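User: I would like to learn how to read a protein model. Please take me through some features, giving the general idea before the case.

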Amino acid sequence: FSYPSAALQSELRQIAQAMVAPGKGILAADDPAASLGERLQGVGVDSGAEGRRRWRQVLFTADAEISQHVAGVIMVPETLQQVADDGTPFVELLARRNILAGVNVDQGVVLLPGSEDETTTQGLDDLAMRCAQYKKAGCSFAKWRCVFKIGAHTPSYQAILENANVLARYASVCQSNRLVPIVEPDILLAGDHDIERCQKVTETVLAAVYKALHDHHVYLEGTVLKPNMVTPGQGCPTRRSAQDIGRATATALSRTVPAAVAGIAFLSGGLPDQEATANLDAINKFPCRKPWPLTFSFGRALQGPAFRAWGGRDVAAAHAELLKRTRINSLASKGKC
Ligand code: 13P
């Protein structure tokens with residue numbers, strides 16, 4: 001095998017460290033066209049490409065203070081081509097604010113035949129070519145999401161092995177093309193399992209993911225992990241405090257994520273925005289060995305309040321909400337809420 005050259009390692013490490021710089025997190029704005037379209041329709045805005053452009057323009061024109069809290073934005077490939085009203089490309093708008101551009105490079109989930117309705121994620125075939133294009137277009141990092149669901153017999157060995165391997169293949173292709181991979185194994189909130197089950201499954205999945213990354217010679221210092229928080233399932237009658245979630249999450253990560261990994265940026269996964277923030281704060285406050293920055297890479301928990309405030313019209317209100325959420329999540333990433 002051969003590791004990336006010293007120059008490539010250094011480039012990847014610098015990008016990855018910038019993505020999780022102290023007090024900063026990531027804004028996930030890579031909503032699939034269909035779900036964003038639905039939300040746009042709900043507030044009477046065109047649900048096509050123009051409506052999507054208008055909402056992204058709102059997100060990317062907030063006060064420059066946002067760059068103290070947000071290090072990078074995850075976009076879909078379409079956004080890389082889009083421009084603001086005055087013709088400035090979105091990627092350029094972000095660069096002026098010193099915010100790194102990232103792109104979702106997976107092509108969605110498909111059923112794994114033979115499993116209990118489990119999935120794998122597609123998009124490897126022309127990935128190297130697309131990564132080269134995205135790097136040229138100004139991107140510094142990429143994202144790929146694999147999905148696991150907790151059920152009586154899931155996630156299965158088949159699903160864990162397959163998804164860990166596809167994440168590792170994606171990560172190695174990204175790194176060869178000078179993009180830092182965000183590795184996202186998303187264990188869904190759905191289900192009535194308790195927090196102990198979620199912790200065990202999270203540990204099992206992460207152990208498999210890091211075994212696969214090792215097997216594929218991925219340079220860990222040039223990667224960012226995007227995991228779920230360890231919580232009870234949505235349908236579990238026993239609710240747990242942010243402190244319990246902080247302990248379970250920090251413990252699971254400390255047992256499975258190598259210290260070499262540049263940082264950990266959580267998905268919000270449909271948690272109410274204030275809960276996601278309280279959990280992130282509690283994870284950072286929990287006293288155990290945590291050799292990586294622990295921050296946010298929220299989609300819904302950052303965009304949701306801003307979108308509701310916007311309602312298709314009120315840009316100033318949207319900007320105020322977005323700043324408020326990024327400011328408070330920045331504090332949570334330092335355990336200072
Ligand atoms: P949520 O924070 O809404 O889960 O979105 C993050 C993301 O990028 C999911 O892939």
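User: Is Arg178 buried or exposed, and how many other C-beta atoms lie within 10 Å?

Analyst: This is a predicted model. A residue counts as buried if 20 or more other C-beta atoms lie within 10 Å of its own. Arg178 has 20 such atoms, so Arg178 is buried. Its place is in the loop between α7 and β7.

User: What is the phi of Asn98, and what is that of Arg178?

Analyst: Most residues other than glycine have a negative phi, and most peptide bonds are trans. Phi of Asn98 is positive, near 65 degrees, and phi of Arg178 is also positive, near 65 degrees. Gly311, which follows α11, has a positive phi near 55 degrees.

User: Which two residues does a cis peptide bond join?

Analyst: The cis bond lies between Thr154 and Pro155, with omega about 0 degrees. Pro155 belongs to the loop between β6 (139-148) and α7 (157-176).

User: How many strands form the closed barrel, and what is their pairing?

Analyst: Eight strands close the barrel, in the order β1-β2-β3-β6-β7-β8-β9-β10, and their pairing is parallel. Follow the last part of that order. Strand β7 (residues 180-187) is joined to β8 by two bridges, with Ile182 opposite Val224 in β8. Two bridges also join β8 (residues 224-225) to β9, where Leu225 has Ile264 as its bridge partner. Three bridges then link β9 to β10 (residues 294-298), and Ile264 stands opposite Leu294 in β10. Another right-handed β-α-β unit is made by β9, helix α10 (residues 273-285) and β10.

User: Which residues of β9 are buried on each side?

Analyst: In a regular strand the side chains alternate between the two faces of the sheet. In β9 (residues 263-266), Gly263 and Ala265 are buried on one side, and Ile264 and Phe266 are buried on the other.

User: Which residues of helix α11 are buried, and what do they pack against?

Analyst: An α-helix has 3.6 residues a turn, so residues three or four places apart point the same way. The buried residues of α11 (residues 300-310) are Ala301, Leu302, Gln303, Ala306, Phe307 and Trp310. They pack against β1 (25-28), α2 (33-42), α3 (49-60), α10, β10 and α12 (315-332).

User: Which residues touch the most other members of the largest nonpolar core?

Analyst: They are Met19, Ala142, Leu167 and Val209, in a core of 101 residues. Helix α8 (residues 195-215) gives this core its largest share, 10 residues. Leu167 touches several residues beyond four places away in sequence, including Trp144, Val183 and Val209.

User: Which residues surround the ligand?

Analyst: Among them are Asp30, Arg145, Glu184, Leu267, Phe298 and Arg300. By class, the shell has four nonpolar, three polar and four charged residues.

Terms used
Residues numbered from 1 in each chain as written. Predicted model: local features only at pLDDT ≥ 70, side-chain atom pairs only at ≥ 80, totals over all residues. Near = placed C-beta within 6 Å. Nonpolar A, V, L, I, M, F, W, Y, C, P; charged D, E, K, R; others polar. Core = buried A, V, L, I, M, F, W, Y, C linked by C-beta atoms within 7 Å. Buried ≥ 20, exposed ≤ 12 C-beta atoms within 10 Å, placed from the backbone. Helix = DSSP H or I, 4+ residues; strand = E, 2+ residues; numbered from the N terminus. Contact = placed C-beta atoms within 7 Å. Pairing = 2+ DSSP bridges. Right-handed = clockwise from strand over helix to strand, strands pointing away.
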